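Dear colleague,

Here is the structure I promised to pass on, with my notes below it. Please read them alongside the sequence.

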Amino acid sequence: MSTLGPDERSPARTRLAAVLSWLLLLLIGLALHFGGALTGYERAVSGLWHRQAGQRSEVQHVAIVGIDERALQARPDEPLAFWTPHIARALNVLQQVDAKVVAIDMLFSVSAEAWLGKAGLAAPEQARTFDRPFRLALAEGRVLLTAFATDQQADEVLLPNNDYWLALPQLLEQVALSNLEYDDDGVLRRFRLLSDRAEAPRVFLGPLLAAQASGQQLDAAVWQLGGRPRSAASSATALPFCGPPGTVPVLSMEKLLADGAAQDPQVRALAGKVVLLAATYHAAQDVHLTPYAPELMNGAEIHAQIAEALLTGRATSDLPPWQQALIMAVMAAFAVGLSRRQMGTARGAMWAIAGVLCLSGLSYGAFLGDLHFAAGGAQATLVAGYVLGLAMSLRGSERRRAALKKMFGRYVSDEV
């Protein structure tokens with residue numbers, strides 16, 4: 001009996017071939033997905049979804065007061081290290097309009113008073129009182145300062161000058177780490193609540209803003225933020241951005257330094273908000289790669305978006321591994337079904353493309369709902385099924401050709 005193709009095999013052999021094909025496709029999808037081979041592809045898709053979605057939620061809890069070009073131009077001869085009297089005025093205005101918490105996203109490692117005293121450029125009395133308004137504003141208890149961990153494993157941290165953090169009611173508990181969490185490709189997609197440090201400061205800026213605004217105990221094992229429990233010792237989690245750069249509103253610091261600033265409607269709109277006071281002028285170069293690249297995001301906005309996500313209870317969750325595997329199993333079965341129908345190359349490619357696009361649509365819909373569905377494994381399973389179908393079709397053609405040659409070779413020459 002000749003064996004011309006799959007349809008002439010026994011039903012048992014046909015079913016066995018289908019099961020083995022399904023298993024092979026499933027193993028390919030699982031290996032690619034869980035082996036990390038599709039990481040680059042998934043990151044590229046995630047970036048595309050971020051840019052396509054644009055602004056995803058309204059900013060409700062945070063705002064930025066920026067030291068911008070306008071503020072710099074108003075004081076061209078004053079280095080930022082000597083801006084503490086101006087920052088004190090801005091902090092007093094924020095207190096008048098009842099801002100909930102204020103963080104200064106600048107590292108005050110130099111004391112203006114100490115520098116003036118050492119240089120002998122001011123009278124002794126002025127050298128001792130230059131920063132007094134700033135220290136009084138810090139003592140009110142609503143202000144956070146920032147530090148920077150140069151090497152978290154070695155426990156090396158650049159702290160604010162002692163004159164400043166000693167004025168804080170909770171001392172170093174009110175100093176946040178301004179470090180950010182990057183993936184190995186240099187893009188910021190995740191954040192953590194706490195660093196690996198054993199002593200304060202150990203809370204990152206965005207989480208500390210949210211914790212202070214919601215009255216959390218920093219030594220608690222679980223924080224309740226936005227109606228959602230957050231393990232303080234949790235590893236880095238995906239950041240559900242509110243939107244692209246520019247989503248968080250920025251108010252020029254010059255607005256707070258104007259006469260009658262507390263009566264300005266834009267300033268009064270900061271009431272009850274978490275406010276970051278930061279350098280936003282372009283030369284500051286505090287910009288970072290996010291999924292919205294090539295557009296860069298200011299560091300203060302990243303901290304603000306982290307605080308916003310925590311205060312609103314937004315979180316991105318991953319599709320459970322078993323559900324990922326189930327989707328790949330379904331796609332493998334679908335691909336085997338297509339291959340068994342022995343449709344043409346063009347028609348099979350159309351079905352494979354349609355399946356890939358449907359999976360992309362599901363991935364985008366899940367993204368809009370803050371659910372991460374990595375469709376790459378399922379798409380790879382489908383494409384592998386199409387390639388397997390082509391291989392089976394070619395093998396069937398070769399088997400038919402060999403059978404015909406064997407049948408007629410008994411009666412005519414090989415050339416015929």
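Val62 stands opposite Val274 in strand E11, where strands are DSSP runs (E, at least two residues) and helices likewise (H or I, at least four), numbered from the N terminus. This is a predicted model, in which local features need pLDDT of at least 70 and side-chain atom pairs count only at pLDDT 80 or more, while totals for chains, interfaces and linings use all residues. Residues are numbered from 1 along each chain as its sequence is written, and side-chain values use heavy atoms, with hydrogens and water left out.

Strand E1 (residues 62-67) pairs with E11 in the parallel sense over six bridges, pairing being called when DSSP finds at least two bridges between two strands. E2 also pairs with E11 in the parallel sense, over five bridges, and there Ala103 stands opposite Leu276. Strand E11 itself (residues 274-279) is mostly covered, six of its six residues being buried, that is, under 20% relative accessible area, whereas exposed is over 50% and partly exposed lies in between (1.4 Å probe, protein chains only). Val274, Leu276 and Ala278 point one way from E11, and Val275, Leu277 and Ala279 point the other way.

As for cysteines, a search of the whole structure finds zero disulfides, a disulfide being a pair of cysteine sulfur atoms within 2.5 Å. Cys242 counts as buried, at 2% relative accessibility, whereas Cys358 counts as exposed, at 53%.

Finally, Leu107, in the loop between strand E2 (101-105) and helix H5 (112-119), is partly exposed, with a relative accessible area of 36%.

Best wishes
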